[in-house]
Amino acid sequence: MDLEEIKQQFIDALSKVGSEKDLAELEVEFLGRKGKLTTVLKGLSDLTIVEKKRIGGAANELKEFIAEEFRIKNLEFRMKKWELIGEQEKQDINSIIPDSRFQIPPSTLGHIHPISNFLFKINRVFEEMEYEVVDGYEIETDYYNFTALGTHLDHPARDEQDTFYIKDLEHPDKKDLLLRTQTSAMQVRYMKKHPLPIKIIIPGKTYRRDNDATHSPMFHQFEGLVVGEGITLGDLKSTLMIAMKKLLGENTKIRFRSSYFPFVEPGLEVDVTCAICKGSGCNVCKNTGWLELLGAGMVHPDVLKAGGIDSEKYSGFAFGTGVERMVMVKHAIPSLKLLYENDIRFLEQF
Amino acid sequence: MKFSYNWLKQLVDFNKTPQELADDLSCKSIEIENIEKFGGDFLDTIVVGQILEINKHPNADKLQITKTDIGSQTLQIVCGAPNIAVGQKVPVALIGTKLPMGEIKQAKIRDIESFGMLCAQDELGIGNDHTGIMILDPDLPLGKKLSEIYGDWVLDGNILSNRGDLQNHMQLAREIGAIYGKEIKEIQNIENWKLEIENSGPVDVQINNLEACPLYTAQAIKGIKIGPSPTWMQQKLLACGMKPINNVVDITNYVMLEYGNPLHAFDAKKIPTIETQGNYPKKHQIVVRLSKKGEVIRTLDGQDHELPEELLVIADHEKPIAVAGVMGGENSEIDETTSIVILESANFNQKYIRKSQRELGLATEASSRFAKDLSPYLAFQCLQRAAELLVELASGELIGGPVKAGAFSFEKRIVKFDYEKIRNYLSMDISKEESIKILKNLGFEIDGNDISVPLWRKDVGIWQDIAEEVGRIYGLDRSKEHELSIQIEPKTEKALYFEQSAKKYLASLGLTEIYTLSILSSETAEKSKILGHYFEISNPMNEYDYIMRSSLVPGLLAVASNNAKKFERFSFFELSKIYLPSDKEEAPSRENRMLSLLVYGEKNEDGILILKNYIDHFAGAYGLNFQYENDAKPKEFMHPGRCAKVIYKEEVIGNIFEVHPIVSENLDLKNRCCVAEINFEAFVDDALDVENRFAEEPSEVIYKEFSRFEVSKRDIAVVVDVGTNTIDIIKEIKNTDEKVVGAELFDEYVSDKFGAGKKSVAYHLTFQASDRTLNDTEANELFDKVLKILSNKFNAELRR
């Protein structure tokens, strides 16, 4: 039989199909083991190579066409069927459920995610120290995330492989919006809008193009920022001493080490007493007794200037860290993945 | 980056152990991530020997018998390596040496006595060459311990991105000097090095892109005799993880380790010349330019690369001869026949180097240095230092002087020195004299109130930078604590308090909070048929994960789908943001908190009503009142008869629905699944009784690992007394065996047909082992065990 003929027959037959059963029969008629199209395809082996190519190609095309039509028709039937069931199962939202089927208080309590709970704690600690808690944008401009923070265009962090950029549908070459890589992105935005002095923490989600055993493309940070007159490194030190004791325990000590972040000067790395071994040395702290926990420093004068602040008159400090690692240390969670897998067997432990 | 402890000690006088040095550097300069002994303790009993005689082994073709002089005596040693020859000096492991591969013992090898072993480089733990016995410098004295020649400690340091200048021993020694109050020992003739270069050699350099290559210097050297480099140089290279090759290549690498600028040596005869006027009518032509698409180069590692557009290359008049700053090309490589060398010392922009590394998948000692910002000043230093060494150690003779293209200013930056301001800023009791001493040891020059910044430091330009220099070397940890006196009136947004409060309240209703990623995969979005979104990522990590969510529902359903493989019934919530187009000039986006809830596994119409009850309880707790309106125009993903709008103050703030069965099928959700999503921001302002205080739930939970092996499921129905508590039954079931991980009541039915005062209770049982998947027999045994316990404790009978 001619392929065109088969196609026409199929289209005619399909238009007459009235039920799922009809459709199934039609499928057998065309695509079944002894179906019309199957017979053509089987017959191919008797043909010459040239004919095989010509007819074989067209036959396979037809086969795909028919299969797709079946799929669409089938979905149509299922949708119709569900419309019907929808009608049968129709439930008025304002009817009342018998109490026996909904108990408050429930027999088992739900669970708060450990990241939430740790963020509550961070907020509590800084609120006790009279900080304002501030929410920032996760989709930020390149300016606030990088330029205003002194990350010049050649800096490795600006490389595309580290930062997610948002597609600008009108200007495909423009890379203006991005997913913030650090909560510090909120610093200059806040400075511009608020009078001095400033004393805030910014908890929230951050993003980097990393996905492996120890990195998740989305993670959480919190950032502290204080700006005013006569702020010194000594203020930063006392602040972190108090905060870390409240956050990690009364016996926590801190240590400042030299480091570099483009938006602070001097920049430093802050180590805290290892929360696991209390400083005596263990696997988690690689036997040093210290955990490298925060980045910090005195706010760079260029950042203050970007925020519209006179950097000769005022100074400030900033500090920040990742939340996940603190959560993992606190609960001895061995893998970052567990935090975002949302497996009930994990969640119900908290 | 690797640093040799012994080398640093030669450059500056200090008296600290490797560990002490590493600790001080980590606090004050660069973080030392690892300290490793270079060459094991066994090097103490491996000595320099000289082969006096080689004879064939009578019983083995591949073995030879040597007589080797170790100064104090001559030893007979059997050796299997073919590369030995009479007169060579070689490492001899004496009897008793405990090599990692085993102890050297006096032994008969095929009937011939052997009193030690000649060693290959890898056996000494100082390299990975195993091509033959390591041939030592002929000038080494017999009997000298190898530990005295090669023993060292290697410090592995993490160089920060602003301190490219520290990627060498000289500058790290300067930091160490500043830390311990010492000046470094500059090499003797550094004063003779020129800063200005007049082009006076037979090389013509042309830079086509000054941004990519601010400075290129070169020196031609003739009469080069290729040979091995001296032992002291090889030791330093080996300790820093580099392989000695020949004197010319080793000198370029050595100078890079010493002064920090990567160098390259070309064989001049392989670089064509052009006709010019002046002293040198023929000059070798070097062009620094960006690659054209499709150009090819075979690099020194033997790999062929087809170059994409715009990689920085060094070329002759037509073809690339090196990937600039990354690796040389084979077509201009030094070999045994080389006699004229063109030495390159240039400054390349870090951005271009990183691009080459990325595009070619190639990272080298050179490229990793250039990938951090280097001062062009280093290029001047290194060219002249390497030229000197080529004259001294490879019998070279300079042809004319150095040539250059590009520019570098030798004017030093001046920063005002305000001691009081610095002391205050740092909150440190440091004297002016101490501050000045630190700065001087770091190479700063001080003239009254002017500090001039050394040319290699690109990172210092303002007084705060000077404060950092003083502070870090003095010790940032010595900053005196000062109680912060700043006071503000915190104006924390209500939404943040309400968010915390809502999460706690929802958990108290029995719902479990989840955290899903804000980046959705197209697959997740498609499966749930909720496809609308506003923001896309232009450079996603893979072709799927590019959607910034505009609804929490797809993520919630994906989590349900995963958990439904193991559980029959659960309920979740997520309270987090979605991403909508900005509605304000100054806002980059509108990030809107949504509250999304999910109830899975309820029977019939219960799901959606239970879900609604949750929402009503939630609203009621905050004095809110939501209305519901059956949805006449259900969306594709909603069960057409079970969907409604949630209404607050006459506005639709969300919807509540059972998931359409076809969507459920897509997601492998076997049971009914109901979802609600409401706009949290819509009622933040009106919510009552939100406590304006943060507080965590006390939690000392230590996570316990759970099994990921397949679970086995069984249902059990038993008849018990009407008064039996169904929760007590669950407790007993769970106590049966540690492999009984779940028990859930799904039916409770009182009827006389079970006997007077009896009822039937039915449970889903879940069995799982921590180390394997249970087979049917094991699952049946557990079932029987549970039944036995229930009949013992509750007089239960299996319902047939």
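Me: In E7(A), which residue is the bridge partner of Ser258(A)?
Reply: In this predicted model, Ser258(A) has Leu268(A) as its bridge partner in strand E7(A).

Me: And how many bridges join E6(A) to E7(A) overall, and which way do they run?
Reply: Strand E6(A) is joined to strand E7(A), residues 264–273, by six bridges, and the two strands run antiparallel; together they form a hairpin, with four residues between them.

Me: Is E6(A) mostly covered or mostly open?
Reply: Strand E6(A), which spans residues 254–259, is mostly covered, since five of its six residues are buried.

Me: Switching to the helices, at what angle do H1(A) and H3(A) pack?
Reply: Helix H1(A), residues 3–16, and helix H3(A), residues 36–43, pack at an angle of about 165°, and their axes are 10 Å apart. Angles over 145 degrees count as roughly antiparallel, and the two helices are therefore roughly antiparallel to each other, with H1(A) passing H3(A) in a left-handed crossing.

Me: Which residues meet there?
Reply: From H1(A) come Leu3(A), Ile6(A) and Gln9(A), which meet Lys36(A), Leu37(A) and Val40(A) of H3(A). By class, this contact has four nonpolar residues, one polar and one charged.

Me: Now chain B: where is Ser356(B) found, and is it buried or exposed?
Reply: Ser356(B) lies in helix H7 of chain B, residues 350–360, and because its relative accessible area is 0%, under the 20% cut-off, it counts as buried.

Me: What is Ser356(B) in contact with, leaving aside its neighbours within four places in sequence?
Reply: With those neighbours set aside, Ser356(B) is in contact with Leu311(B), Leu312(B), Val323(B), Val326(B) and Gly361(B).

Key:
Residues are numbered from 1 along each chain as its sequence is written. Chains are lettered from A and ligands numbered from 1 in the order in which they are written. This is a predicted model: local features need pLDDT of at least 70, side-chain atom pairs count only at pLDDT 80 or more; totals for chains, interfaces and linings use all residues. Side-chain values use heavy atoms; hydrogens and water are left out. Buried means under 20% relative accessible area, exposed over 50%, partly exposed in between (1.4 Å probe, protein chains only). Two strands pair if DSSP finds at least two bridges between them. Contact means heavy atoms within 4.5 Å. Axes are lines fitted to C-alpha atoms, for helices over the stretch in contact, and angles run from 0 to 180 degrees between N-to-C directions. Angles under 35 degrees count as roughly parallel, over 145 as roughly antiparallel, 65 to 115 as roughly perpendicular and the rest as oblique. A crossing is left-handed if the near helix is turned anticlockwise from the far one by less than a right angle, and right-handed if clockwise. Ala, Val, Leu, Ile, Met, Phe, Trp, Tyr, Cys and Pro count as nonpolar, Asp, Glu, Lys and Arg as charged, and the others, Gly among them, as polar.
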